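Let's take a walk through this structure together. Have a look at it first, and then we'll go through some of its parts.

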Amino acid sequence: MTSAEIQLNPFLEAAGVRTYETDLAEIILQLGQDEPSHIVVPALHVNRSQVREIFARTMGLKDLSDDPHALTAAARTYLRQKFLSIPTAISGANFLVAETGSVVVVESEGNGRMCLTLPRTMITIAGIEKVLPSFQDLEVMLQVLARSATGERMNPYTSVWTGVTPGDGPQRFHIVLLDNGRSRMLAKETERQTLRCIRCAACMNACPVYRQTGGHAYGSVYPGPIGAILTPQLMQMHHAQTLPYASSLCGACYEVCPVKINIPEVLLELRSQVVNQERHTAGRFFDPMYLGLRVANLLFSRAWLFHAAQYFGRIGIRFFTRKDGWIHSLPSIGGKWTQTRDLRGFPRQTFHEWWAERDLKPTGEAK
Amino acid sequence: MNAPTQSRQQILDRIRANTRSVAAEHLESAYATLPRTYVRTGSLSAEARLALMIERLREYDAEVVECAPQDLPSTIAAQLQSSGKRIFIAPAGLPASWLALGFDWRIDRDLSSAEIELAEGVVTAAFCAVADSGTIVLHHSATEGRRVVTLLPDWHLCILYASQVVETLPEYFSRCQNPPMLATYISGPSATADIEMTRIKGVHGPRFLHVIVVHDHADQPKNQ
């Protein structure tokens with residue numbers, strides 16, 4: 001995910017470096033020139049016959065069946081030679097341990113273990129939010145991650161390594177600590193919680209919007225509810241302004257989040273940032289919506305102006321109110337409403353006026 | 001200043017500026033007093049704990065046999081025999097009595113990846129095991145082998161002593177007085193669900209895991 005975030009593969013390809021994805025889903029996407037649609041199962045949108053077609057074409061396997069076992073075995077054979085011969089591997093990391101300087105990779109397939117064991121040189125790219133204070137903190141995070149991501153008690157393989165171990169694994173190790181907007185996200189408390197994310201994807205599995213649209217609709221490396229708050233912040237709100245709206249605010253994501261990121265709260269905060277940015281954009285000043293909202297703001301914040309507006313509004317509306325007490329048609333913008341439905345005429349008094357008069361009348365008449 | 005140093009300084013400066021509201025000493029005490037009310041210590045008896053470990057391993061399709069300490073060499077030999085394989089890797093520190101006669105042993109003294117790839121199986125010890133999740137923990141000592149030897153061969157026989165089995169993951173962490181430089185936690189065989197969410201075993205790591213559980217003395221894990 002991290003390498004996709006910084007568009008590493010296209011950059012390396014342009015520099016003449018051939019890269020091979022090693023995760024089964026990622027090979028499917030790479031060979032099929034496709035994009036991920038889920039954090040944990042990135043090729044969720046590709047079915048077995050499509051995978052068969054991609055593998056048969058790119059690996060030269062004419063007689064490949066579309067049985068997932070056969071497809072997985074094909075990928076195993078295809079990659080084993082690559083693992084044994086390619087001198088450099090690039091990995092991400094799930095956690096970094098400050099106390100020991102260790103890197104932790106959590107996985108199921110074993111491609112991670114291959115990458116961090118066989119090549120001569122290892123390069124790890126990790127976001128700075130992955131740092132845990134102590135080794136012991138893994139006792140919490142490892143249990144939480146596996147259970148929220150795949151529902152397993154523990155994922156099949158977890159690897160911990162600390163720099164270079166003579167005689168075991170890569171003898172050159174580089175780690176790139178990636179900021180890319182993360183330190184900026186620390187500034188405000190609401191947005192800061194985004195950095196707690198451990199990429200388990202529980203939020204997208206629970207999200208009614210994600211389940212309808214799939215991951216591609218988000219148009220961002222990180223899809224789903226977490227992507228809707230993470231991507232706009234990483235991109236400094238410049239692109240991806242519609243993402244904070246890709247939610248019904250039902251809160252299902254917050255409910256399942258193991259690290260308790262209040263995603264709806266962050267979504268609302270980002271929406272307000274989008275609006276603030278937008279209404280200060282030239283050309284938006286006379287936009288009917290913003291004009292209307294400015295007028296409403298003026299009226300609602302001054303009681304005398306509000307009462308005056310009510311008074312004149314009531315007089316004005318009388319011209320449109322029929323004898324039956326209903327408004328059947330309004331001019332201009334209001335006509336859009338009355339085209340399809342009637343509107344009840346305004347009452348003779350406001351509630352406040354009625355309340356003030358109430359005690360002055362004999363009981364029984366105050367209706 | 002070169003570019004990496006400069007970036008590092010910029011990042012650190014930004015982090016400091018953006019977390020100024022939280023005093024460093026306050027953070028430290030907040031971390032020290034974090035509520036850790038999750039299950040840390042198990043509640044099972046030694047036998048129940050071991051039974052849970054074996055149940056979990058079998059759920060993962062591992063083949064589990066149990067034996068007494070004195071029967072270990074013969075049990076290893078029987079397992080190797082029934083595997084139908086001949087070429088096995090042994091980590092350099094594996095006890096000589098575990099190297100059953102009649103097999104082609106390749107002692108790992110800096111074997112190349114290509115040589116390890118040619119082997120059919122590997123026999124190792126373990127550091128610890130966690131019953132709750134059926135996890136085998138390797139710290140890659142001389143008896144547990146380098147990381148590569150438990151990765152390339154398709155068949156892995158792991159010798160686990162009953163006294164090495166703890167119930168919960170936090171109990172493993174409290175057994176690590178010194179955090180390991182290298183560690184691998186294995187919970188079942190390599191697996192994927194990347195194609196149509198169908199779970200398939202054996203993408204890259206060993207497809208066959210065999211475990212011999214040795215009932216050593218009291219069957220009691222050493223309490224830290």
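Helices (H or I, at least four residues) and strands (E, at least two) are DSSP runs, numbered from the N terminus. What you see is a predicted model, where local features need pLDDT of at least 70 and side-chain atom pairs count only at pLDDT 80 or more, while totals for chains, interfaces and linings use all residues. Residues are numbered from 1 along each chain as its sequence is written, chains are lettered from A and ligands numbered from 1 in the order in which they are written, and side-chain values use heavy atoms, leaving out hydrogens and water.

Let's start with charges. Side chains of opposite charge can pair when their charged atoms come close. Here a salt bridge is a side-chain nitrogen of Lys or Arg within 4 Å of a carboxyl oxygen of Asp or Glu, and over all chains there are 22 of them. In one of these, B:Asp13 meets B:Arg16 at 3.8 Å, N to O. Both sit in helix H1 (residues 3–18) of chain B, and because they are three residues apart, about one helical turn separates them.

Other salt bridges cross between the chains. A:Glu152 pairs with B:Arg199, their closest N and O atoms 3.0 Å apart. This takes you from the loop between helix H7 (138–149) and strand S6 (157–161) of chain A to the loop between strand S10 (191–192) and strand S11 (200–201) of chain B. A:Arg153 forms a salt bridge with B:Glu59, at 3.1 Å between the closest N and O atoms. A:Arg153 is in the loop between H7 and S6 of chain A and B:Glu59 is in helix H3 of chain B, so this pair joins two chains too.

How open are these spots? Buried means under 20% relative accessible area, exposed over 50%, and partly exposed in between (1.4 Å probe, protein chains only). A:Glu152 is buried at 15%, whereas A:Arg153 is partly exposed at 28%, and B:Glu59 is partly exposed at 42%.

Now for the sheet in chain B. Two strands pair if DSSP finds at least two bridges between them. Six strands make an open sheet in the order S1-S12-S7-S4-S2-S3, with parallel pairing. Its edges are strand S1 (63–67) and strand S3 (104–108) of chain B, each pairing on one side only. Strand S2 (residues 87–91) of chain B runs parallel to S3(B), joined by five bridges; B:Ala90, for instance, has B:Ile107 in S3(B) as its bridge partner.
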